[in-house]
Amino acid sequence: VTELVAKEEIFLEGLIELLSKRERIQLLTDSGETIRILFPKRLLQHVSALHLDQHVKLRCSVTETENPLTGESSIFYELVEIVS
């Protein structure tokens, strides 16, 4: 059982470290943090145009969930739009 703690949209900038057809991008942000971002299949064509080590700006939906029984929380990033 998990509960939604917060949901918001943010912009992330950085270098693409990993691209996967299985709907994943790994981004090394300008601040040095590595973030795994999921993307919907409908954006596969746009993501396919990206390449490794490319500097990008992405608009992402961030969802934080928490399990009240264990106190564990998870943060999920989902791609909404490739800005540049």
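# Notebook: a salt-bridge network and the barrel around it

I started at Glu-81, which is partly exposed because its relative accessible area is 34%. My cut-offs: buried means under 20% relative accessible area, exposed means over 50%, and partly exposed lies in between, with a 1.4 Å probe and protein chains only.

The model is predicted, so I kept to its rules: local features need pLDDT of at least 70, side-chain atom pairs count only at pLDDT 80 or more, and totals for chains, interfaces and linings use all residues. Residues are numbered from 1 along each chain as its sequence is written, and side-chain values use heavy atoms, with hydrogens and water left out.

**Entry 1. Overall layout.**
I took helices (H or I, at least four residues) and strands (E, at least two) as DSSP runs, numbered from the N terminus. The order from the N terminus is β-β-β-α-β-β. I then checked the extent of the C-alpha trace, which spans about 40 × 30 × 20 Å along its principal axes. The protein has 84 residues, and 30% of them are buried. It exposes about 5800 Å², of which carbon and sulfur atoms supply 48%. Those accessible areas come from the Shrake-Rupley method with a 1.4 Å probe; for residues, only the protein chains shown count as cover.

**Entry 2. Salt bridges.**
How many salt bridges does a search of the whole structure find? I got two. The criterion is a side-chain nitrogen of Lys or Arg within 4 Å of a carboxyl oxygen of Asp or Glu. In one, the side chains of Arg-59 and Glu-9 meet at 2.7 Å, N to O. That pair links distant parts of the chain: Arg-59 sits in strand 4 (residues 55-66), Glu-9 in strand 1 (residues 3-20), 50 residues apart. Arg-59 counts as partly exposed because its relative accessibility is 22%. Glu-9 also counts as partly exposed, at 46%.
Next I took Glu-81, which bridges to Arg-59 with the closest N and O atoms 3.0 Å apart. This pair again joins distant parts of the chain, with Glu-81 in strand 5 (residues 73-82) and Arg-59 in strand 4, 22 residues apart. Shared partners join Glu-9, Arg-59 and Glu-81 into one network.

I traced the strand order. Five strands close into a barrel in the order 1-2-3-5-4, with mixed pairing. From one strand to the next, the twist averages 50°. For that angle, axes are lines fitted to C-alpha atoms (for helices, over the stretch in contact), and angles run from 0 to 180 degrees between N-to-C directions. Two strands count as paired if DSSP finds at least two bridges between them. Strands of a sheet pair through backbone hydrogen bonds, either parallel or antiparallel.
Strand 1 and strand 4 pair in the antiparallel sense over 12 bridges. Which residue in strand 4 is the bridge partner of Glu-9? I found Ser-61. For Ile-10, the partner in strand 4 is Cys-60.
Strand 4 and strand 5 are antiparallel too, over nine bridges. Here Glu-64 stands opposite Ile-75 in strand 5. The two strands form a hairpin with six residues between them, and Gly-71 in the turn has a positive phi of about 80°.

**Entry 3. The core.**
I looked up the largest nonpolar core: 16 residues, with Leu-12, Ile-25, Leu-27, Ile-37, Val-47, Leu-58 and Leu-79 making the most contacts inside it. Strands 1, 2 (24-29), 3 (34-38), 4 and 5 each give two or more residues. Strand 4 gives the most, four residues. A nonpolar core here is a set of buried Ala, Val, Leu, Ile, Met, Phe, Trp, Tyr and Cys residues joined through side-chain atoms within 4.5 Å.
Leaving out residues up to four places away in sequence, its contacts include Leu-12, Leu-58, Cys-60, Tyr-77 and Leu-79. Contact means heavy atoms within 4.5 Å. Of the contacts in the protein with a separation of 6 or more, 55% join residues 24 or more positions apart.

**Entry 4. Two spot checks.**
Is Thr-29 buried or exposed? It counts as buried because its relative accessibility is 9%. Thr-29 lies in strand 2. Beyond four places in sequence, Thr-29 touches Glu-13, Gly-14 and Ile-35.
Glu-17 is in strand 1. It is partly exposed, at 37% relative accessible area.
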